[in-house]
Amino acid sequence: MTVSDTAAPAPGTAEAGQTETVHVALGARAYDIRIGSGVSAELPARLKALSRQTRVAIVSDEAVAAQHLAPLVDALAAAGYEAVPILVPPGETSKRFGTLEDVLDRLLEARVERRDLVVALGGGVVGDLTGFAASILRRGVRFVQVPTTLLAQVDSSVGGKTGINTRHGKNLVGTFHQPSLVLADTDHLATLPDREMRAGYAEVVKYGLIGDAPFFAWLEEKGARVLARETGPLVRAVATSCRAKAATVAADETEQGARALLNLGHTFGHALEAETGYSARLLHGEAVAIGMVLAFDLSADLGLAPRADADRVRAHLKAAGLPVSIADIPGGPLAVERLVHHMQQDKKVVGGTLTLILAHGIGRAFTTQDVETAAIAARLAADGAASA
């Protein structure tokens, strides 16, 4: 994970463990992302600034709650808050209608009102599920994100996308509902399993590949320190990622244009997740890692990007301990035809035509609808998918 030391720290980024604040500029719905060690301790004071209500519902999963819920509830109680915990099973399978209905029922049973606040304490599953529930409860209540995984801190907690999965695909039912605050406490990552940390790192790399080649070069040099949870590099990586996403969201909140670039690797990745049953066989970030390699390899296949850039992407993600091909997924080969079928259910399909995020090189992503299905199928087969 080394390159020459040419990527200087960007202005305003953290290098020695400082906290960072990233502002998401959305007018009346603008909010801050607080990043750094211990920022979750700010929650009681921040809630008081958002609402005079003294009751807060906290949605979490059982695994996260066992590690992080009690200190949060105690801190809220000391500040005069009544906290109502609502727990769901861990894992992607909680992003479904049944769990959504259960969360809504318990929020209503707790008499959560429009002026109350709901806190999402957990990873991307909890954040997406809680945000969706908050967006439709009493036609909309406010919520706060306290993401506890790297993936959630740099991606899913920011930008207001909420949703659940269906048998037809991932995140096909949901809303845009912005949080009122995001507290990305890097201390929470100390208990994150290494595999989950690596999966979140794939989303960090994504921001460099989309539009920030110097950041990707910095990650090639410093990525091992980010994965080792060194505070300075970790805060910088999270803050840089959040700044990139915040700028994109402010320019294109509901994904009508440029925001689609944030889905680099996701069209392939979501198909891989669907075909593996949204299971521990393949984590979301792992699927995105494979998807980004596929996107760069396909770009090179089509003569759109240098093969050397595609090789560089593959090498860095592999060095980070991530899977980089379909052949790396345990449990036997996946069928080309099934993966193409899942891709055709992607949210970015327009008039039946698939929109892909490809690249002219590292830091130069773009959207296109001009790729033939045959070229996609050929790339999937070359990467290890089985042809009929």
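Predicted model: local features only at pLDDT ≥ 70, side-chain atom pairs only at ≥ 80, totals over all residues.
## How α7 and α11 cross

Helix α7 goes past helix α11 in a left-handed crossing.

Two packed helices are described by the angle and the distance between their axes. Here, the axes of α7 (residues 213–227) and α11 (residues 307–319) come within 10 Å and cross at roughly 40°. Angles from 65 to 115 degrees count as roughly perpendicular and those under 35 degrees as roughly parallel, and the α7 and α11 pair is therefore oblique.

## Who makes the contact

On the α7 side, the contact is made by Phe216, Ala217, Leu219 and Glu220. From α11 come Arg312, Val313 and His316.

## The annotated binding site

Elsewhere in the model, an unreviewed UniProt entry carries the annotation "binding site" for Glu203, His266 and His284. These residues span 82 residues in sequence, yet no two of their C-alpha atoms are more than 10.1 Å apart, so they gather at one spot.

## A closer look at His266

Let's take one of these annotated residues, His266. Histidine 266 sits in helix α9, which covers residues 266–275. Is this histidine 266 buried or exposed? Its relative accessibility is 4%, and because buried means under 20%, histidine 266 counts as buried.

Leaving aside residues up to four places away in sequence, histidine 266 touches Glu203, Lys206, His284 and Val288.

Technical notes:
Residues numbered from 1 in each chain as written. Heavy atoms only, no water. Axes fitted to C-alpha atoms, helices over the stretch in contact; angles between N-to-C directions. Helix = DSSP H or I, 4+ residues; strand = E, 2+ residues; numbered from the N terminus. Parallel < 35°, antiparallel > 145°, perpendicular 65-115°, else oblique. Left-handed = near helix turned anticlockwise from the far one by under 90°. Contact = heavy atoms within 4.5 Å. UniProt positions renumbered as here; feature names shortened; annotations may be inferred. Buried < 20%, exposed > 50% of the residue type's maximum accessible area, 1.4 Å probe, protein only.
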